[in-house]
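Subject: Structure handover

Hello,

Here is the structure for you to look at. Please open it first, then read my notes below.

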Amino acid sequence: MLAETDVVIVGGGLAGLAAARRLHRAGVPWRLLEAGSRLGGRVATDAVDGYLIDRGFQVLNTAYPRLGTLLDTDRLDLGYFTSGVLVRKGDDLLRLVNPLREPTGGPRTALAGVGSLLDRLRFAALATGCATLPASRLLSAPETSAEMALGRAGLSDAFIEELLRPFLSGVLIDRELATSSHVLAMVLRSFARGRIGLPAEGMAALPRAVADPLPADLIALDAPVAEVAPCRVRTQAGDIRCRAVVVAVDPPAAAALLPALATVRMHSYTTYYHSAPEPPLTEPILLVDGDRRETVANTVVLSNAAPTYAPTGRHLVATSVVGPTAPSEPAVRAELTRLYGRSTADWTHLTTVAVPDALPAAPPPQGRLRKPVTLGEGLFVAGDHRDSPSIQGALTSGWRAAGAVLAELRAG
Ligand SMILES: Cc1cc2nc3c(=O)[nH]c(=O)nc-3n(C[C@H](O)[C@H](O)[C@H](O)COP(=O)(O)OP(=O)(O)OC[C@H]3O[C@@H](n4cnc5c(N)ncnc54)[C@H](O)[C@@H]3O)c2cc1C
């Protein structure tokens with residue numbers, strides 16, 4: 001069977017959906033083929049017995065610049081987290097909030113007990129610089145690893161190990177902090193400028209909102225693409241002839257479809273979901289381990305931010321571990337008892353979600369976080385491996401790839 005259209009988009013994650021939105025707006029005929037049975041790729045939610053279980057703990061940052069083009073975040077009915085973090089250190093639970101976002105945090109922002117006053121002032125200067133300098137300037141600064149950049153900012157070993165490594169390892173899904181300092185700068189920028197939230201219907205509401213304006217009959221689910229070539233895409237149902245192909249699949253699948261692409265290493269992430277009869281904290285805030293035990297990256301009561309994540313009378317706790325080796329649930333539960341400083345014996349383990357290919361590694365050099373999306377002969381590539389490894393990176397890469405397609409079609 002031979003079908004025809006102008007552009008075939010392969011992959012219905014955020015990158016593919018963003019590409020479809022731009023092509024649709026331009027009035028160019030397109031079709032999207034998704035291998036799975038739902039859109040959204042790595043951003044997915046399962047509703048199980050009244051709980052919303054995201055495909056690994058993830059959040060939406062309202063400062064991502066590409067969101068505004070594609071959706072109205074107000075319609076996601078976001079429940080917000082405190083812009084800050086709690087640190088367990090011995091018997092103490094220390095609190096650091098972003099004074100720009102949480103003015104009532106006042107003196108507690110000082111986080112006495114972690115690092116020195118100089119550390120806190122230096123970190124505030126680093127975060128403020130990332131929030132206020134033009135992105136172009138941040139992305140043209142000398143590039144190194146995130147770990148080296150924190151050291152160069154004059155932060156002490158204690159401040160990095162007890163606060164920043166546990167916090168950032170969960171965000172970058174990289175315990176070594178080998179990620180590019182340019183990615184770190186953009187992460188700090190987003191945290192300083194935006195709010196962190198969860199859609200009332202789960203993270204899957206995000207790709208649903210991006211897909212919402214697209215005609216359903218142009219999107220095929222359960223339609224894995226076996227092969228791409230200039231002007232042709234091969235599916236189980238036959239070939240589709242086209243003028244351009246946008247390959248917007250995850251990095252391992254991209255390497256299979258486009259062998260000329262450099263292989264990208266992937267970081268793994270595992271989230272343990274527990275149900276508790278009482279919330280171990282009442283605040284919607286991330287808790288990290290300042291005791292350098294390194295088992296758990298972070299833990300958070302999701303239903304404190306978005307009560308729809310748990311049925312009435314229950315509370316949903318998500319605890320995440322970075323790296324390919326996931327500890328047993330009892331080992332994680334023991335850490336939770338220590339971190340929250342209370343018994344977890346009456347908690348129920350709901351499920352563990354392991355995502356081996358969660359995020360592409362982005363070591364230096366990443367330059368301006370814009371890898372080429374045009375491969376030549378009508379082939380284009382999008383996905384978080386072409387920009388920053390994030391929701392923002394995925395959306396921007398799709399938008400950029402569609403822009404490149406439009407330029408080529410108009411020129412041709
Ligand atoms: C556990 C976890 C936590 C995260 N936390 C955050 C966070 O807090 N903040 C943040 O900004 N980002 C976070 N991310 C990253 C973010 O989710 C991803 O960067 C983004 O969703 C990637 O989108 P994508 O479109 O590039 O790729 P994907 O979402 O992987 O989409 C690719 C799509 O292509 C499809 N596909 C693959 N092969 C084929 C084929 N042959 N034919 C057709 N279709 C195919 C796949 O089924 C998939 O639907 C997290 C990711 C994970 C997994």
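Start with residues 105–110, where pLDDT stays under 50. The model has nine contacts beyond four places in sequence for this stretch. Keep in mind that this is a predicted model. Across the protein chain, pLDDT averages 94. Of the residues, 96% score at least 70.

Now the whole chain. The secondary structure comes to twelve helices and 22 strands. The C-alpha atoms fill a box of roughly 65 × 50 × 35 Å along the principal axes. What radius of gyration would a compact globule with 412 residues have? The answer is near 22 Å, and the protein chain has 22 Å, so the two agree. Look at the contacts too. Among those between residues at least 6 apart in sequence, 73% join residues at least 24 apart.

Then follow α1. This helix has 13 residues. From first C-alpha to last, α1 reaches 19 Å, close to the 18 Å expected at 1.5 Å a residue. Ten of its 13 residues are buried, so α1 is largely enclosed by the rest of the structure. Among the buried ones are L14, L17, R21 and R22. The buried residues of α1 pack against β2 (7–10), β3 (30–33), α2 (67–70), α8 (205–211), β15 (244–247) and α12. Just after α1, G27 takes a positive phi of about 75°.

Last, helix α3 (residues 117–132). At 1.5 Å a residue, its 16 residues should span 22 Å. The end C-alpha atoms are 22 Å apart, which agrees. Which residues of α3 are buried? They are D119, F123, L126 and C130. These four cover an arc of only 60° around the axis, so they sit on the same side of α3. They pack against α4 (135–138), α6 (157–172) and α7 (181–193). The face turned away from this buried side carries the exposed residues L117, L118, L121, A125 and T132.

Best wishes

Notes: Residues are numbered from 1 along each chain as its sequence is written. This is a predicted model: local features need pLDDT of at least 70, side-chain atom pairs count only at pLDDT 80 or more; totals for chains, interfaces and linings use all residues. Helices (H or I, at least four residues) and strands (E, at least two) are DSSP runs, numbered from the N terminus. The expected span of a helix is 1.5 Å times one less than its number of residues. A residue is buried if 20 or more other C-beta atoms lie within 10 Å of its own, exposed if 12 or fewer, and partly exposed in between; C-beta atoms are placed from the backbone. The arc is that of the directions from the helix axis to the C-beta atoms. Two residues are in contact if their C-beta atoms, placed from the backbone, lie within 7 Å. The radius of gyration is taken over C-alpha atoms; the globule rule is 2.2 Å times the number of residues to the power 0.38. pLDDT is the predictor's confidence in each residue, from 0 to 100.
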